Amino acid sequence: MSTPVYVEAQMLIRKPVEDVFEVFINPELTTQFWFTKSTGRLEEGKTITWEWEMYGVKNNVTVHEIIPNRLIKTEWGDPSSNVDYEFKEMEKGTLVVIKSYGFTQTGEELLKTINDNTGGFTTVLDGCKAYLEHGINLRLIEDKFPQK
């Protein structure tokens, strides 16, 4: 019996949990550090589309569950996997943990997916921290794979 594979990235963001949670469900804020377009706010039971215009990539995101200021459970990607965003209020701010799991890939494809997810979600959290704590967009997503 194999152990389920999951990816986890985390970051302490020195802001109140309400502010950090809002930045993940409100595309007007999320586009300041992650994707460039969205068809709407994350709401339980809805499917929205996120777009990264610089890469010509779109993903449909299905929102399975939202517990305000605690949890966002989604499914997205190609092939799709589950991505949970957990928010924990701490003395110095909010710990955000992003967990990705439910992968269908195997072998080398699975290793590549794990690497991409780990690096990608770490970059998202780094950008979120810079945006919320310092009000700047480091353009991390755009510059991760610069076009020639």
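A: Contact here means heavy atoms within 4.5 Å. Among contacts in the chain between residues at least 6 apart in sequence, 45% join residues at least 24 apart.

First, the ground rules. Residues are numbered from 1 along each chain as its sequence is written, and side-chain values use heavy atoms, with hydrogens and water left out. The model is predicted: local features need pLDDT of at least 70, side-chain atom pairs count only at pLDDT 80 or more, and totals for chains, interfaces and linings use all residues.

The chain holds four helices and seven strands. Their order from the N terminus is β-α-α-β-β-β-β-β-β-α-α. Helices (H or I, at least four residues) and strands (E, at least two) are DSSP runs, numbered from the N terminus. The radius of gyration, taken over C-alpha atoms, is compared with a globule rule of 2.2 Å times the number of residues to the power 0.38. For 148 residues that rule puts a compact globule near 15 Å, and the chain agrees because its own value is 15 Å. Along the principal axes, the C-alpha atoms fill a box of roughly 40 × 40 × 25 Å.

An unreviewed UniProt entry annotates residues 16–133 as "domain: Activator of Hsp90 ATPase homologue 1/2-like C-terminal". UniProt positions are in the numbering used here, feature names are shortened, and annotations may be inferred rather than shown by experiment. The span 16–133 is 34% helix and 39% strand, and its end C-alpha atoms lie 11 Å apart.

Buried means under 20% relative accessible area, exposed over 50%, and partly exposed in between (1.4 Å probe, protein chains only). Asn59 has 14% relative accessibility, so it counts as buried. In the chain, 37% of the 148 residues count as buried.

What surrounds Asn59? Beyond its neighbours within four places in sequence, Asn59 is in contact with Ile48, Thr49, Trp50, Trp52, Trp76, Gly77 and Asp78. A cis peptide bond joins Asp78 and Pro79, with omega of about 0°. Pro79 lies in the loop between strand E5 (71–77) and strand E6 (80–90).

The loop between E4 and E5 holds Asn69. Phi of Asn69 is near 65°, a positive value in a residue other than glycine. Asn69 is partly exposed, because its relative accessible area is 26%. Most residues other than glycine have a negative phi, and most peptide bonds are trans.

Further along, Arg139 also has a positive phi, about 60°, although it is not a glycine. Arg139 is in the loop between helix H3 (107–134) and helix H4 (140–144). Its relative accessible area is 43%, so Arg139 counts as partly exposed.

Gln147 is in the segment after H4. At 55% relative accessible area, Gln147 is exposed. Leaving aside neighbours within four places in sequence, Gln147 is in contact with Met54 and Tyr55.
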